[in-house]
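Colleague: I am new to this structure. Please walk me through how to read it, one feature after another.

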Amino acid sequence: MIAQLIFMLAFGLAVVFFTIQVKKIIRNINLGKDLHRKDQPAKRWAVMAKVALGQSKMVVRPVAGIMHIFVYVGFVIINLEVLEIIIDGIFGTHRIFSFLGGFYSFLIASFEILALLVLVGVFVFLARRLVLGLKRFSGVEMTNWPKSDAIYILIIEVLLMSAFLTMNAADYKLQLLGYGHYVLAGSFPVSQFLVNLLPADASNLVMIERSCWWFHIIGILAFLNYLPISKHFHIILAFPNTWFSNLNPKGQFNNMESVNNEVKAMLDPSFLPPPADTNSKFGAKDVKDLNWVQLMNAYTCTECGRCTSVCPANITGKLLSPRKIMMDTRDRLDEYGKGVAKQGKDFDDGKSLLDNYVSREEIWACTSCNACVEACPIAIDPLSIIMDLRRYAVMEESNVTASLNAMFSNVENNGAPWKYSPADRLNWAKEDS
Ligand code: HEM
Ligand code: SF4
Ligand code: SF4
């Protein structure tokens with residue numbers, strides 16, 4: 001009875017803390033500007049099914065992609081077992097679904113094989129970080145926390161899977177001994193090989209089985225609460241993030257509504273622009289000027305560095321790293337969100353995403369080639385943030401390099417980026433030129 005109460009308390013607390021943390025993230029994402037992204041729902045479901053569920057962009061790098069599929073599918077399916085653990089924990093039963101007979105054996109056997117595959121995947125992930133030292137996991141933005149975060153996640157998964165298999169091995173041995181309520185149930189294709197490593201006496205076996213059971217479930221509850229502060233939150237956000245992704249062709253820039261309205265008003269005197277939003281800016285200086293999808297992108301980033309590894313600016317030694325843009329946006333949003341929670345919407349700490357987190361040098365190094373967007377396996381768009389920061393620098397501050405300023409005045413005076421008069425445009429076609 002005491003065990004059941006402790007279990008219910010731990011479970012209840014874990015769910016409450018997790019809900020509080022997720023609410024904070026939703027609140028922060030909602031600090032972004034509105035953006036209508038619910039058009040073409042059928043296409044959106046298809047993108048989500050292909051990119052998130054089907055992992056289509058992950059397998060572009062086959063080893064990482066296949067290992068990730070092991071971890072992803074294994075983790076999701078093995079967690080079905082958690083349902084049984086929760087029911088057993090609340091009602092004090094043992095392997096409540098064992099009445100399913102052959103089907104139960106099939107399920108447990110599948111969980112065990114998947115647990116083994118998860119372990120293989122996780123060891124490969126650990127090896128590429130700790131042994132191979134893959135270049136894309138380094139960079140100025142990969143400081144202590146992002147590095148240790150990735151390692152913690154992998155270690156937690158090793159511990160959870162090991163506890164699961166050890167629990168099954170001890171259970172199976174107790175079943176073979178016919179001890180207490182450990183009735184013959186399940187099939188153990190992997191953990192049967194661990195049986196000989198365990199002690200022979202029943203009381204020690206029960207202790208191991210119970211400890212692993214508690215470790216497994218408490219570990220999962222702790223992991224649940226670790227997600228929102230980690231890049232691992234992608235396991236939830238990958239789905240909405242792909243659903244709400246940009247369906248327009250890459251390279252098609254969005255028109256700014258404020259500019260659109262000004263042009264419409266110039267061309268058509270009868271056009272009545274909507275009332276101006278006094279807080280709105282051209283482009284973005286801080287996170288609140290970005291839209292909510294850009295902010296959700298930031299919380300979804302797995303820090304994998306696939307974007308940075310294909311970025312021509314980064315490859316040629318410039319300061320820009322699209323992964324850093326996403327991580328900076330998330331860090332600033334966390335900071336800004338905390339401020340708003342304490343001081344309300346008018347919170348101002350004198351800081352901003354541009355300058356305090358992302359430098360001018362970084363944004364102007366971007367060639368707007370879209371390689372980062374194409375490479376991201378979760379449909380994140382770092383370029384749209386870079387463009388909004390640039391729009392702010394250009395349209396609000398006129399703070400651009402001399403060559404761009406010259407180009408702007410040419411467009412204004414000559415209707416083209418070059419310094420030639422419109423009257424000379426066809427000179428190139430003259431016989432004597
Ligand atoms: C329950 C579901 C999932 C689990 C348990 C999971 C687990 C993991 C783990 C452990 C890593 C870390 C690898 C490392 O940093 O060394 C990882 C990375 C990653 N995951 Fe997931 N994931 C899940 C769902 C998804 C989904 C749905 C997507 C969408 C495509 C996704 C995309 C990624 C990406 C892009 C990386 C970085 C991969 C790389 O470094 O090459 N994950 N995931
Ligand atoms: S769009 Fe900009 S940030 Fe993205 S890969 Fe190209 S140069 Fe790099
Ligand atoms: S933006 Fe995408 S590709 Fe770049 S680090 Fe984040 S998840 Fe990886």
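Modeller: Start with burial. A residue is buried if 20 or more other C-beta atoms, placed from the backbone, lie within 10 Å of its own; with 12 or fewer it is exposed, and in between partly exposed. By that count, 30% of the 433 residues of the chain are buried. This is a predicted model: local features need pLDDT of at least 70, side-chain atom pairs count only at pLDDT 80 or more, and totals for chains, interfaces and linings use all residues. Residues are numbered from 1 along each chain as its sequence is written, while chains are lettered from A and ligands numbered from 1 in the order in which they are written.

Colleague: How many helices and strands does the chain have?

Modeller: Helices (H or I, at least four residues) and strands (E, at least two) are DSSP runs, numbered from the N terminus. Here there are 18 helices and zero strands. The radius of gyration is 28 Å, well over the 22 Å from the globule rule for 433 residues, so the chain is more spread out than a compact globule. That radius is taken over C-alpha atoms, and the rule is 2.2 Å times the number of residues to the power 0.38.

Colleague: Which residues have the most contacts inside the largest nonpolar core?

Modeller: Such a core is a set of buried Ala, Val, Leu, Ile, Met, Phe, Trp, Tyr and Cys residues joined through C-beta atoms within 7 Å. The largest has 45 residues, and Leu295, Tyr299, Val358, Cys372, Cys376, Ile386 and Leu389 have the most contacts inside it. Helix 17 gives the most to this core, six residues. Another core, of 33 residues, lies apart from it and includes Ile85 and Trp213.

Colleague: Which residues come nearest to ligand 2?

Modeller: Near means that the C-beta atom, placed from the backbone, lies within 6 Å of the molecule. Of 15 residues around ligand 2, Cys311, Cys366, Cys369, Ala371 and Cys372 come nearest. Helix 17 has the largest share of this shell, three residues. The shell holds 12 nonpolar, three polar and no charged residues. Ala, Val, Leu, Ile, Met, Phe, Trp, Tyr, Cys and Pro count as nonpolar, Asp, Glu, Lys and Arg as charged, and the others, Gly among them, as polar.

Colleague: And which are closest to ligand 3?

Modeller: Cys301, Cys304, Cys307, Arg323 and Cys376, out of 15 surrounding residues. Helix 13 gives the most to this shell, three residues. By class, the shell around ligand 3 has 10 nonpolar, two polar and three charged residues.
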